[in-house]
Amino acid sequence: MAEEAHSQVIDQVVQEALDKANLTATNLSAVAVTIGPGLSLCLRVGVRKARKLAGSFNLPIIGIHHMEAHALVARLIERELQFPFMALLISGGHNLLILAHDLGHYIQLGTTIDDAIGEAYDKTAKWLGLDMSRSGGPALEELAREGDAESIKFSTPMKQHKDCNFSYAGLKTQVRLAIESKNINAEIPISSASSQDRRSRADIAASFQRVAVLHLEERCDRAIEWARKIEPSIKHLVVSGGVASNQYVRARLDHVVKKNSLQLVCPPPKLCTDNGVMVAWTGIEHFCMGRFDPPPPADEHEDYMYDLRPRWPLGEEHAEGRSEARSLRTARIHPSLTSIIQASLQQQ
């Protein structure tokens, strides 16, 4: 279904982007396209369109790492953001803490070992009977403002693991049990709930949000400590990805960053959620460094095997960051973006 939804609108979306910019394809210098990580069926739709466009107009093509794009779009809006810097990337599918040494050179300080924070927000919102039309995160953040964040003592994930990895599966289970114990029926939308029922839901939302974000705070605190040992000159923490649009998340992370004498850089919400601007900007950064592929043939065969990287790490794992709690599957993982770029630099 996701692939079909992509296929139905891709031509129209690309045309609209060109029209709004008062450009035609003949004005383009290159085409940038996400090649991973993500669902291979959906990646294929984008790559096929990009190669068709690049082939028709004889344009170089740049394969982009989705998470690198989230980190680098901050450099578009904050021109003072120079390497090295830290980035926390938080979305429905990913939690990632990285140290960005340079363009294409990243150290992974922490990642999610099961569910990402955005997935936990969405599930909790669904179980609380919230309006999912905008996605659960914004609806949950709104309801949490009415609740008592100390009313339910959820335990903070991974307290015993002194690393920078994330886990939200256990917190989701705690929330589900709390909802069951309060007899909350998700079939009854929040708009129809009694005032007592609404208060119960708000308390769960607020308590969940407090602990979910506390987990982020603790991991960021430790990651800043680790990053400073490697690169003492870091001055900025970039926070990007869909969940970075959440005002409570921003406020709490701003507190962590100030305590550590760093500056927080958050792209505006429309550049935090997945967008084409971040992919184009990352394309420009690599294009200026001469990192691109030649134009594909104009008559490329339909059966052409595209280079898709559904499971593609951004950086090399920091030695201290290897989790004993690891439940990540490691099969069929593509070599990291960092290792590929470093290898090509050595060959030069």
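Predicted model: local features only at pLDDT ≥ 70, side-chain atom pairs only at ≥ 80, totals over all residues.
Now look at the space inside. The largest pocket has a volume of about 1,600 Å³. Its lining comprises 41 residues. To find the centre, select Ala32, Val33, Asn275, Gly276 and Val279, the lining residues closest to it.

Move on to the largest nonpolar core, which has 54 residues. Select Met86 and Leu88: these two touch the most other members. Then highlight helix H7 (residues 195–230), which gives the most to this core, with 14 residues.

Stay with Leu88 and show its contacts. Leaving aside residues up to four places away in sequence, Leu88 touches Leu96, Leu97, Phe166, Leu216, Cys220, Leu237, Val238, Val239, Ser240 and Leu253. Another core, of 34 residues, lies apart from the largest one. Val33, Leu59, Ala74 and Ala87 are among its members. Val33 is a stop you have already made: it is one of the residues closest to the centre of the largest pocket.

Turn to the aromatic rings. How many aromatic pairs does a search of the whole structure find? There are four. Select Phe83 and Phe85. Their ring centres are 5.2 Å apart and their planes are at 25 degrees, so the pair is stacked. Both Phe83 and Phe85 are buried.

Then select Phe287 and Phe292, an aromatic pair that is tilted. Here the distance is 5.0 Å centre to centre, with 45 degrees between the planes.

Finish at Arg228, in helix H7. Arg228 is partly exposed, with a relative accessible area of 29%. Show its neighbours: not counting residues up to four places away in sequence, Arg228 touches Ile234, Asn260, Ser261 and Leu262. Last, draw a distance from Arg228 to Val239, which is 11 residues apart from it along the chain. Their C-alpha atoms are separated by 17 Å. Val239 is also one of the residues that Leu88 touches.

How values were computed. Residues numbered from 1 in each chain as written. Heavy atoms only, no water. Core = buried A, V, L, I, M, F, W, Y, C linked by side-chain atoms within 4.5 Å. Buried < 20%, exposed > 50% of the residue type's maximum accessible area, 1.4 Å probe, protein only. Helix = DSSP H or I, 4+ residues; strand = E, 2+ residues; numbered from the N terminus. Contact = heavy atoms within 4.5 Å. 1 Å grid on protein atoms, 1.4 Å probe; cavity = no way out; pocket = protein on both sides within 12 Å on 5 of 7 lines; lining within 4 Å. Points joined across faces, edges and corners; volume = space filled by probe spheres on them. Phe/Tyr/Trp six-rings, centres within 6.5 Å; stacked < 30°, edge-to-face > 60°.
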